[in-house]
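Welcome! Take a moment with the sequence and the 3D view below, and then we will walk through a few of its parts together.

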Amino acid sequence: MIDERAFAGYRFHDPALLQQALTHRSAGAPHYERLEFLGDGVVNLIVAELLYARWPKADEGTLTRARAELVRESALAAIARELNLGARIRFGPGEMKSGGHRRDSILADALEAVIGAICLDSDFDTCRSQVLPWFDTLLEALPPPNRIGKDAKTRLQEWLQARQRPLPVYDLLAESGDDHAKRFLVRCSLADPALAAEGEGSARRVAEQAAAEAVLALLEANPPS
């Protein structure tokens with residue numbers, strides 16, 4: 001039986017905060033979006049502080065890229081799945097039927113909302129001690145500071161610039177879904193070498209990154225002469 005006052009080992013003093021953090025907009029108000037806003041800031045601070053202490057010689061750019069790896073939508077969604085968060089979120093009938101509990105964007109948002117709720121229910125130190133173990137697997141998977149990966153758009157741009165070739169062009173092909181569950185389809189095109197690939201995501205920038213990653217994969221599979 002699920003303890004309605006607890007989540008992932010933390011027991012809330014105010015169970016209404018947890019209930020709000022687990023309520024999607026489609027299920028009515030109060031929903032998790034304000035808590036998500038707070039949790040986004042909290043989780044960025046927690047991860048930034050962790051990386052600052054863990055990598056004392058890393059520069060700002062390296063720390064920024066490492067933080068982006070740990071708090072990106074897919075990473076937070078992976079944590080949410082490990083915590084079985086999707087099964088706890090309350091949806092309206094339409095969102096439930098569309099599989100909202102499986103969508104990365106919703107899982108990531110709800111996880112941030114839960115983090116915001118824990119911070120309000122306790123204090124920053126308690127929240128940090130609760131949340132840090134959730135990132136252990138992702139943290140161990142990070143490459144060392146001198147090899148921390150840049151995002152796909154940056155890597156593609158640097159690849160092209162190093163060969164004095166034109167920069168890529170990103171075109172929005174389609175936009176679908178309700179305001180709270182948008183999906184974007186983007187094409188990334190190169191002039192030299194002439195190739196293109198598409199990417200999809202919950203935001204245009206996410207779709208652009210996916211398209212750039214797909215183009216990089218094509219270049220790796222078939223390196224131009």
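Predicted model: local features only at pLDDT ≥ 70, side-chain atom pairs only at ≥ 80, totals over all residues.

Residues are numbered from 1 along each chain as its sequence is written, and side-chain values use heavy atoms, leaving out hydrogens and water.

**Helix α9**
- In helix α9 (residues 152-162), the buried residues are Ala152, Leu156, Trp159 and Leu160; buried means under 20% relative accessible area with a 1.4 Å probe, protein chains only.
- These residues cover an arc of only 95 degrees around the axis, which puts them on the same side of α9; the arc is taken from the directions from the helix axis to the C-beta atoms.
- The buried residues of α9 pack against β3 (169-176), β4 (183-190) and α10 (204-221), where contact means heavy atoms within 4.5 Å.
- Helices (H or I, at least four residues) and strands (E, at least two) are DSSP runs, numbered from the N terminus.

**Helices α3 and α4**
- Helix α3 (residues 60-71) packs with helix α4 (residues 73-82) at an angle of about 45 degrees, and their axes are 5 Å apart.
- Axes are lines fitted to C-alpha atoms, for helices over the stretch in contact, and angles run from 0 to 180 degrees between N-to-C directions.
- Glu69, Leu70 and Val71 in α3 meet Glu73, Ala75 and Leu76 in α4.

**Strands β4 and β5**
- β4 and strand β5 (residues 195-201) run antiparallel and are joined by seven bridges; strands pair if DSSP finds at least two bridges between them.
- A hairpin links β4 to β5 through four residues.

Notes. Buried < 20%, exposed > 50% of the residue type's maximum accessible area, 1.4 Å probe, protein only.
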